Amino acid sequence: MMDLDLTSKTDHVPVLIGPIIENISPVTGVWVDATFGAGGYTRALLDAGAEFVFAIDRDPNVFSLAKEWLHHYPDRIEFVNDVFSNLEKYVDDVNGVVFDLGVSSMQLDQATRGFSFLKEGPLDMRMSQTGPTAADLVNSASEKMLSNILYFFGEERASRRIAKAIVARRDQEPFGTTTDLAKIIESVLPRSKPGQSHPATRSFQALRIAVNKEYEELFNGLFSAEKVLSADGCLVVVTFHSIEDRIVKRFIQARSGKLYSTSRYLPDTDALPIQFSKVTQKAIKPSTSEISINTRARSAKLRIAKRTNIKPGKNLTLEELSVPIVGKN
Ligand SMILES: C[S@@+](CC[C@H](N)C(=O)[O-])C[C@H]1O[C@@H](n2cnc3c(N)ncnc32)[C@H](O)[C@@H]1O
């Protein structure tokens with residue numbers, strides 16, 4: 001069992017919760033919190049009027065942190081330790097599904113989880129604590145594969161240079177820790193100027209996305225949500241970087257019959273059935289006052305759509321929505 005750093009347990013501040021509740025009110029019925037974390041959204045949904053919440057998280061450690069406040073909501077929460085792409089296994093006909101993507105502050109703050117380049121820890125990054133770690137990935141993937149991961153998942157322009165340096169170093173000694181990897185990345189990039197992010201930020205994000213297969217999860221999770229939402233049910237998604245937001249935006253466009261795409265794989269826009277109607281026309285961003293108290297909110301974007309009564313469509317692929325896919329080698 002992973003050591004919990006209890007000092008960090010209350011550090012996670014829910015992002016964009018005000019605009020979420022405002023746009024989905026009145027909140028009624030059964031909801032799914034697909035990314036439970038510290039439970040900020042679950043509590044806000046219950047406080048706003050939801051009768052019951054299925055609280056999903058792939059990280060087995062998060063649920064014990066809810067002990068302190070769980071008694072305020074007797075018989076109104078069920079915990080599910082699984083990935084949200086499996087949500088059809090647990091629920092049906094729900095009034096809403098919320099996704100608050102990425103990692104929580106608790107995960108980032110625990111050095112032993114290996115998400116942070118600022119804290120020395122094992123190069124792990126697995127939210128579910130199963131499967132290959134980030135160390136397995138950087139110590140075994142081909143240079144081309146690493147470069148693609150850094151470029152497509154981290155939008156890192158120096159992806160080739162960093163991949164080359166990783167391979168040269170691991171040939172001498174395999175990577176074991178976060179700071180070990182961060183140092184190599186820093187050594188081949190210019191120093192960041194004041195106000196710029198740390199040179200390893202994009203690479204760590206990219207590796208985390210690859211280790212946890214975050215794009216496939218999001219993509220499949222959206223199609224699962226479509227299947228379990230009842231007519232008028234709300235899909236609520238908060239993303240933290242541009243490719244994630246693009247997946248959500250294109251999914252909602254495709255399912256609301258207004259797809260702007262050059263994809264040759266999709267049928268004509270006129271022929272698209274309408275499974276969702278947009279509640280938010282554009283992505284909602286946090287206010288400057290929210291960002292000033294919670295820097296994690298800085299890059300957040302919120303999109304909300306409402307389910308129609310048209311039956312779920314066939315699942316599309318990432319390729320069909322023109323989202324980059326990293327190949328095998
Ligand atoms: C940003 S935090 C959510 C914080 C939460 N909204 C709150 O207010 O406390 C994201 C959580 O989602 C979980 N998570 C990320 N991807 C997941 C997936 N594919 N399936 C299930 N849980 C996931 C992470 O383990 C993490 O605990």
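Q: Hi! Which elements each supply at least two residues of the shell around the ligand?
A: Helix H2 and strand S2 each do that. One thing to keep in mind from the start: this is a predicted model.

Q: Thanks! Which residues come nearest to the ligand?
A: Thr 35, Gly 37, Ala 38, Gly 40 and Asp 100 come nearest, out of 21 residues around the ligand.

Q: And how do the residues of that shell divide by class?
A: Nine are nonpolar, seven are polar and five are charged.

Q: Back to S2 for a moment. Is it mostly covered or mostly open?
A: Mostly covered. S2 spans residues 52-57, and five of its six residues are buried.

Q: What does S2 pair with on the S1 side, and in which sense?
A: Strand S1, residues 30-33, pairs with S2 in the parallel sense, over four bridges. If you want a spot to look at, find Val 32, which stands opposite Phe 54 in S2.

Q: Where does H2 come into this, and what do S1, H2 and S2 make?
A: Together they make a β-α-β unit, and it is right-handed. H2 covers residues 40-48 in that unit.

Q: How many bridges join S2 to S3?
A: Five bridges join them, and the two strands run parallel. S3 is made of residues 77-81. Here you can look for Ala 55, which stands opposite Phe 79 in S3.

Q: Changing topic: how is the protein chain divided into domains?
A: Domain 1 takes 6-106 + 215-307, and domain 2 takes 129-211. Their centres, taken over C-alpha atoms, are separated by 29 Å.

Q: How many residues does the contact take from each domain?
A: Four residues from domain 1 and four residues from domain 2. On the domain 1 side, three of the residues touching domain 2 are nonpolar, one is polar and none is charged.

Q: Now Ser 147. Where does it lie?
A: Ser 147 lies in helix H6, which runs over residues 143-154.

Q: Why does Ser 147 count as buried?
A: Because Ser 147 has 22 C-beta neighbours inside 10 Å, and 20 or more is the cut-off for buried.

Q: What does Ser 147 touch, leaving out residues up to four places away in sequence?
A: Ser 147 touches Ser 159, Arg 160 and Ala 163.

Q: What about the backbone: which peptide bond is cis?
A: The one from Ser 25 to Pro 26 is cis, with omega near 0°. Pro 26 has its place in the loop between helix H1 (17-24) and S1. As background, most peptide bonds are trans, and most residues other than glycine have a negative phi.

Q: So what is phi at Asp 75?
A: Phi of Asp 75 is near 60°, a positive value in a residue other than glycine. Asp 75 is found in the loop between helix H3 (67-70) and S3.

Q: Is Asp 75 buried or exposed?
A: Exposed, because Asp 75 has 7 other C-beta atoms within 10 Å.

Q: And Asp 232, where is that found?
A: Asp 232 is in strand S5, residues 229-239. Its phi is positive too, about 75°, although Asp 232 is not a glycine. With 13 C-beta neighbours inside 10 Å, Asp 232 counts as partly exposed.

Terms used
Residues are numbered from 1 along each chain as its sequence is written. This is a predicted model: local features need pLDDT of at least 70, side-chain atom pairs count only at pLDDT 80 or more; totals for chains, interfaces and linings use all residues. A residue is buried if 20 or more other C-beta atoms lie within 10 Å of its own, exposed if 12 or fewer, and partly exposed in between; C-beta atoms are placed from the backbone. Two strands pair if DSSP finds at least two bridges between them. A crossover is right-handed if, with the strands pointing away from the viewer, the path from the first strand over the helix to the second runs clockwise. Domain bounds come from an automatic or database domain assignment. Two residues are in contact if their C-beta atoms, placed from the backbone, lie within 7 Å. Ala, Val, Leu, Ile, Met, Phe, Trp, Tyr, Cys and Pro count as nonpolar, Asp, Glu, Lys and Arg as charged, and the others, Gly among them, as polar. A residue is near a molecule or strand if its C-beta atom, placed from the backbone, lies within 6 Å of it.
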